[in-house]
Amino acid sequence: MSTYETMPFHLETERLILRPWAESDAAEFCALLSERGKGTPTVEHIRTSIAELLTATASTGIALLPVQRRDEGDFIGYCGLIIGRSTLEEPEIAYELFQRVHGRGYATEAARAVLDAAGATGRNRLWATVGAWNAPSLRVLEKLGFERDHVSTEDSGEVVWLTRSLP
Ligand SMILES: CC(C)(COP(=O)(O)OP(=O)(O)OC[C@H]1O[C@@H](n2cnc3c(N)ncnc32)[C@H](O)[C@@H]1OP(=O)(O)O)[C@@H](O)C(=O)NCCC(=O)NCCS
């Protein structure tokens, strides 16, 4: 049993809204994952993934949330908390946005809202694990006040572990 509050699932920033998954996100989520360049998952597979995310959230109280632009109303990616390589007590922050919207500060803006939401659950610390090659993501984390802790080696390469205390 977690002793932490459930994280809020509706977050708003100046330009963005983070909100719960809807069935209608499946096609866009599919397009987002296709940008990883490892093939296109079927929409059916994506529906299953969304259902799994919702099931995980029901038991953990933490979530990856779709990120939507306020003005355009479009789905541009996701941001939130996952157990990932860490723990429910000290989860990881995670984010992924469509290439067409990169470089406009959206990841940093969404992640700041998630940091606040993580603090509101009563947690003291978050982690992030990032491929050592991933300069944009490392830059986002630096802007958010994460500090490098250690590096691990996986089959896919070096993984940088960063951590940030929550106020
Ligand atoms: C990581 C990611 C979410 C960043 O999204 P974003 O909205 O472009 O991020 P921001 O605009 O908030 O910040 C990006 C920063 O990286 C910098 N940056 C971009 N490319 C860079 C590069 N090749 N080298 C160094 N810095 C770089 C930008 O200049 C910006 O920093 P600045 O504000 O100081 O100028 C996006 O690149 C992405 O979705 N990548 C694929 C998925 C992924 O890697 N997720 C993270 C897994 S740990």
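This note goes through a predicted model point by point.

1. **Ground rules.** Residues are numbered from 1 along each chain as its sequence is written. In this predicted model, local features need pLDDT of at least 70 and side-chain atom pairs count only at pLDDT 80 or more, while totals for chains, interfaces and linings use all residues; side-chain values use heavy atoms, with hydrogens and water left out.

2. UniProt, in an unreviewed entry, places "domain: N-acetyltransferase" at residues 16-167. UniProt positions follow the numbering used here, feature names are shortened, and annotations may be inferred rather than shown by experiment. The end C-alpha atoms of this span lie 23 Å apart. The span is 34% helix and 31% strand. Helices (H or I, at least four residues) and strands (E, at least two) are DSSP runs, numbered from the N terminus.

3. Strand 3 covers residues 64-69, and five of its six residues are buried. Buried means under 20% relative accessible area, exposed over 50%, and partly exposed in between (1.4 Å probe, protein chains only). Two strands pair if DSSP finds at least two bridges between them. Strand 2 (residues 16-18) pairs with strand 3 in the antiparallel sense, over three bridges. Here L18 has V67 of strand 3 as its bridge partner. Strand 4 (residues 75-82) also runs antiparallel to strand 3, joined by five bridges. On this side, L65 has C79 of strand 4 as its bridge partner.

4. **The hairpin.** Strand 3 and strand 4 form a hairpin with five residues between the strands. In this hairpin, G73 takes a positive phi near 75°.

5. **Aromatic rings.** A pair of aromatic rings is described by the distance of the centres and the angle of the planes. Rings of Phe, Tyr and Trp (its six-membered ring) pair if their centres lie within 6.5 Å; planes under 30 degrees apart count as stacked, over 60 as edge-to-face and the rest as tilted. The count by this rule is five aromatic pairs. W21 and F29 form a tilted pair, because their planes stand at 45°, with ring centres 4.7 Å apart. Both W21 and F29 are buried. F29 and Y78 are edge-to-face, because their planes stand at 90°, with centres 6.1 Å apart. F29 lies in helix 1 (residues 26-34) and Y78 in strand 4, so this pair ties together parts that are 49 residues apart in sequence. Y78 is buried, as is F29. Ring pairs link W21, F29, F75, Y78 and F98 into a cluster.

6. **The ligand.** How many residues surround the ligand? There are 19, and the closest are G103, G105, T108, R139 and K143. A residue counts as near if one of its heavy atoms lies within 4 Å. A backbone N or O atom of L97 lies 2.8 Å from one. A polar backbone atom of G103 is 2.7 Å from an oxygen of the ligand. For K143, an N or O atom in the side chain is 2.7 Å from a ligand oxygen. Taken alone, the ligand exposes 970 Å², and the protein buries 64% of that. Accessible areas come from the Shrake-Rupley method with a 1.4 Å probe; for residues, only the protein chains shown count as cover.

7. **T163.** This residue lies in strand 8 (residues 157-165). Is T163 buried or exposed? T163 counts as buried, because its relative accessibility is 10%. The side chain of T163 makes a polar contact with the side chain of R125, at 2.7 Å. A polar contact is a pair of N or O atoms within 3.5 Å; within protein, one must be able to donate a hydrogen and the other to accept it, and residues adjacent in sequence count only if both atoms are side-chain atoms. The T163 side chain also reaches the backbone oxygen of L126, at 3.0 Å.
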